[in-house]
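Colleague: I'm new to this one, and I'd like a close look at a single part of it. Could you walk me through the place where the two chains meet, and then show me what sits around it?

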Amino acid sequence: MTSVSMTVNGKSVSGEVEGRTLLVDFLRNDLRMTGTHVGCDTSQCGACVVHVDGEAVKACTMFAVEADGAAVATIEGQANADGSLSVVQQAFQDHHGLQCGFCTPGMVMSAAALLKENPKPTEGEIREYLEGNICRCTGYHNIVKAIMAASGQDVAAIAAG
Amino acid sequence: MYAFEIERPGTLADAVNALKGEDAQALGGGQTLIPTLKARLAMPATLVSLSGIGEMKGVCIGDDGAVCIGGATTHAAVVREAAAHYPALADLASHIGDPAVRNRGTIGGSLANNDPSACYPSAVLGSGATIITNARDIVADEFFDGMFATALDEGEVITEVRFPVPEKANYQKFVQPASRFALVGVFVAKYSDGVRVAVTGASEDGVFRWSEAEEALSRDFSADAIGGLEVSADGMIADLHGSSAYRAHLVKVMTGRAVVAAA
């Protein structure tokens, strides 16, 4: 077992993990933060996307020991301090950017990462950025709309969902 | 996953030392290795993570103008830091996998794995790059040794890759959309002393140079110059995504597109 310490959503946490412990398992099983989902466990679906030192990564394809000392952000930390939804979360609600909701934590984290590096993405850029996030319900149009809206852009031109 | 140890050295020297342990294997970004471990297709006793070694990260320009990329540099960092110096290389890096994969996956990991459909091997072979390890320098033409095989010795670590910058270059990737690897990818680079064409995704022997196209394009750098050439389907990969004849055809199509885009 190895000791790891990191911040998760700004809060210092630590624990004992095995070499094989994935970051997503540390979050879900050790910290009991189950907002980050495991969809496929094979790096395909993106439901487990979190931010490590500000960059979107698949938490099922990174070992917990590699996050030692890092600043991790998860879906649980996305809401504003007063409990209201973040701009991205609110946009997903307003534009019905989810149905079953299983992929949503990863979608929101990827969307937040995209808007940080590209505050006004085009529709094409949004769709390309979401290549590693799979949704089996929505057909993506409303997710793209939500992200366009979260960036303060007109969503009228996006295909009807 | 089965149980194993992970070491996370802070220096290259410590990593090389740790890799001398029995059944130890280097861990780059893990974007291929971790799924491989989950499937138990590899079962090392110890993983030596290279992600904490600062001296192996980043992009710089050598005295000879070559773009030098640290072995533990992520694809995303190459996109950001190499774009001004070698745009075709940064463009290739920007289409590997997806954004989250690019934030973890590294150039050294990709090259050491030498997946027959990976993008980076084509840029390295197509640029005539040099692979620097903790032990020696290996020229690209001697590095790739067939599917998932390289000239690397046990425990040898890719510390840097040096790319001579061409006059013109372009990479064209026909994406296999489920895996986001190249069904066929072609890297074309025009240097003052000739053109190099490297093909990934197509051959059962992994990345290769298409020498007939190199000769034709060195005489005349235009898509018309390869119009009369044919690529044999012998030895090409065949799977449910494409037959060997389909891949052979794509080699020529993608080469033509790369020449047009580079010119």
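Modeller: Happy to. Start with the charges: there are 5 salt bridges between chain B and chain A. Keep in mind as we go that this is a predicted model.

Let's take some of those pairs one by one. Lys38(B) forms a salt bridge with Asp41(A), and the closest N and O atoms are 2.9 Å apart. Lys38(B) sits in helix α2 of chain B while Asp41(A) is in the loop between α1 (23-30) and β3 of chain A, so this pair joins two chains.

Now look at Asp98(B) and Lys58(A), whose side chains meet in a salt bridge at 2.6 Å, N to O. This pair also crosses between chains: Asp98(B) is in the loop between α4 and α5 of chain B, and Lys58(A) is in strand β4 of chain A. Are these two buried or exposed? Both Asp98(B) and Lys58(A) are buried. One more to find on screen is Arg104(B), which forms a salt bridge with Glu66(A), with 2.9 Å between the closest N and O atoms. If you wonder what lies behind such pairs, side chains of opposite charge can pair when their charged atoms come close.

On the chain B side, α2 (33-38), β3 (46-49) and α5 (99-102) each supply at least two of the residues that touch chain A. Of the elements there, α2(B) gives the most, with 4 residues. Sorted by class, the side of chain B that touches chain A has 14 nonpolar, 8 polar and 6 charged residues.

As for the overall extent, the contact takes 28 residues from chain B and 23 residues from chain A. Together the chains bury about 2,100 Å² between them, with 51% of it on carbon and sulfur atoms.

Next, chain A itself. Domain 1 of chain A puts 16 residues into the contact between them, and domain 2 of chain A puts in 16 residues. The area buried between domain 1 and domain 2 of chain A is about 1,200 Å², and carbon and sulfur atoms give 63% of that. How many salt bridges run between domain 1 of chain A and domain 2 of chain A? The count there is 0. Polar contacts do turn up, though: 7 residue pairs across that interface, both residues at pLDDT 80 or more. β3 (49-52) and β4 (55-58) of chain A each supply at least two residues of the side of domain 1 that touches domain 2. That side of domain 1 of chain A has 7 nonpolar, 8 polar and 1 charged residues.

Asn114(B) has a relative accessible area of 1%, so it is buried. A polar atom of its side chain lies 2.9 Å from the backbone oxygen of Ala149(B). Leaving aside neighbours within four places in sequence, the contacts of Asn114(B) include Pro121(B), Phe144(B), Phe148(B) and Val207(B).

One last stop in chain B: Asp141(B), Arg196(B), Arg209(B) and Glu214(B) are linked in a network of salt bridges. Glu214(B) is also one of the buried residues of helix α9 (residues 211-219). The buried residues of α9(B) pack against β11 (194-200), β12 (208-209) and α10 (244-262) of chain B. Over all chains, the salt bridges come to 17.

Terms used. Residues are numbered from 1 along each chain as its sequence is written. Chains are lettered from A and ligands numbered from 1 in the order in which they are written. This is a predicted model: local features need pLDDT of at least 70, side-chain atom pairs count only at pLDDT 80 or more; totals for chains, interfaces and linings use all residues. Side-chain values use heavy atoms; hydrogens and water are left out. Contact means heavy atoms within 4.5 Å. Buried area is the accessible area (1.4 Å probe) that two parts lose on being put together, summed over both. A salt bridge is a side-chain nitrogen of Lys or Arg within 4 Å of a carboxyl oxygen of Asp or Glu. A polar contact is a pair of N or O atoms within 3.5 Å; within protein, one must be able to donate a hydrogen and the other to accept it, and residues adjacent in sequence count only if both atoms are side-chain atoms. Ala, Val, Leu, Ile, Met, Phe, Trp, Tyr, Cys and Pro count as nonpolar, Asp, Glu, Lys and Arg as charged, and the others, Gly among them, as polar. Buried means under 20% relative accessible area, exposed over 50%, partly exposed in between (1.4 Å probe, protein chains only).
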